Each structure stands twice: as structure tokens, then as C-alpha cells.
Amino acid sequence: MHEAARTRTRIVQATVARASALGLEGVTVRDLAADLELSKSGVLAPFGSRAELLEIAFDNAIATF
């Protein structure tokens, strides 16, 4: 369970970093998977969809700033 939470956190952090640098349009599942050394399904599985991942990352970025 702890590993799943860590993976989810890593994915959100990578998404926020990529979106901060490139904008939301610059966030691709393929690039996140490559950055994190995960499969594309490994990136999406904790969230269900790219849209859900972006929403969580956006909420995380707002909370941070």
C-alpha cells in the first residue's frame, strides 16, 4: 500500500513539474512514463484517466502555490 502511495505521489509531482515547464498541453502519458520508468498504464492506473491525473496535479499545484 505504501509503495502505491509513493508511486502516485511521484506521478503527480512529475506531472506538476512538466506542466509548470511546458503547460498542460505538454504533459503526455508517454513522456511521464519515460521520465518515471513506468509503463503508460502504470502512469494512468492510479488515476483512471489522463484528465483525472491532470485535475489532481492541478489541485496539487494550487495547494503548493
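This is a predicted model: local features need pLDDT of at least 70, side-chain atom pairs count only at pLDDT 80 or more; totals for chains, interfaces and linings use all residues.
Setting aside neighbours within four places in sequence, I found Thr-15 in contact with Val-27, Leu-32, Leu-53, Leu-54 and Ala-57. Thr-15 belongs to helix α1, which covers residues 2-22. I then looked up its accessibility: the relative accessible area is 1%, and since buried means under 20%, Thr-15 counts as buried.

Next I turned to helix α2, residues 29-36. I listed its buried residues as Val-29, Leu-32, Ala-33 and Leu-36. Viewed down the axis of α2, these fall within an arc of 100°, so they line one face of the helix. On the face turned away from that buried side I noted the exposed residues Arg-30 and Ala-34. I also checked what the buried residues of α2 pack against, and got α1, α3 (40-44) and α4 (50-64). After α2 comes Glu-37, and I read its phi as positive, near 55°.

Then I took the pair α1 and α2. Their axes are 10 Å apart and the packing angle is about 120°. The two helices are therefore oblique to each other. I recorded the crossing of α1 and α2 as right-handed.

Last, I went through the residues at this contact. From α1 I have Arg-10, Ile-11, Ala-14, Thr-15 and Arg-18, and these meet Asp-31, Leu-32, Asp-35 and Leu-36 of α2. I sorted the residues of this contact into four nonpolar, one polar and four charged. Thr-15 and Leu-32, which I had already noted as a contact pair, are both in this set.

Note on methods:
Residues are numbered from 1 along each chain as its sequence is written. Side-chain values use heavy atoms; hydrogens and water are left out. Helices (H or I, at least four residues) and strands (E, at least two) are DSSP runs, numbered from the N terminus. Buried means under 20% relative accessible area, exposed over 50%, partly exposed in between (1.4 Å probe, protein chains only). Contact means heavy atoms within 4.5 Å. The arc is that of the directions from the helix axis to the C-beta atoms. Axes are lines fitted to C-alpha atoms, for helices over the stretch in contact, and angles run from 0 to 180 degrees between N-to-C directions. Angles under 35 degrees count as roughly parallel, over 145 as roughly antiparallel, 65 to 115 as roughly perpendicular and the rest as oblique. A crossing is left-handed if the near helix is turned anticlockwise from the far one by less than a right angle, and right-handed if clockwise. Ala, Val, Leu, Ile, Met, Phe, Trp, Tyr, Cys and Pro count as nonpolar, Asp, Glu, Lys and Arg as charged, and the others, Gly among them, as polar.
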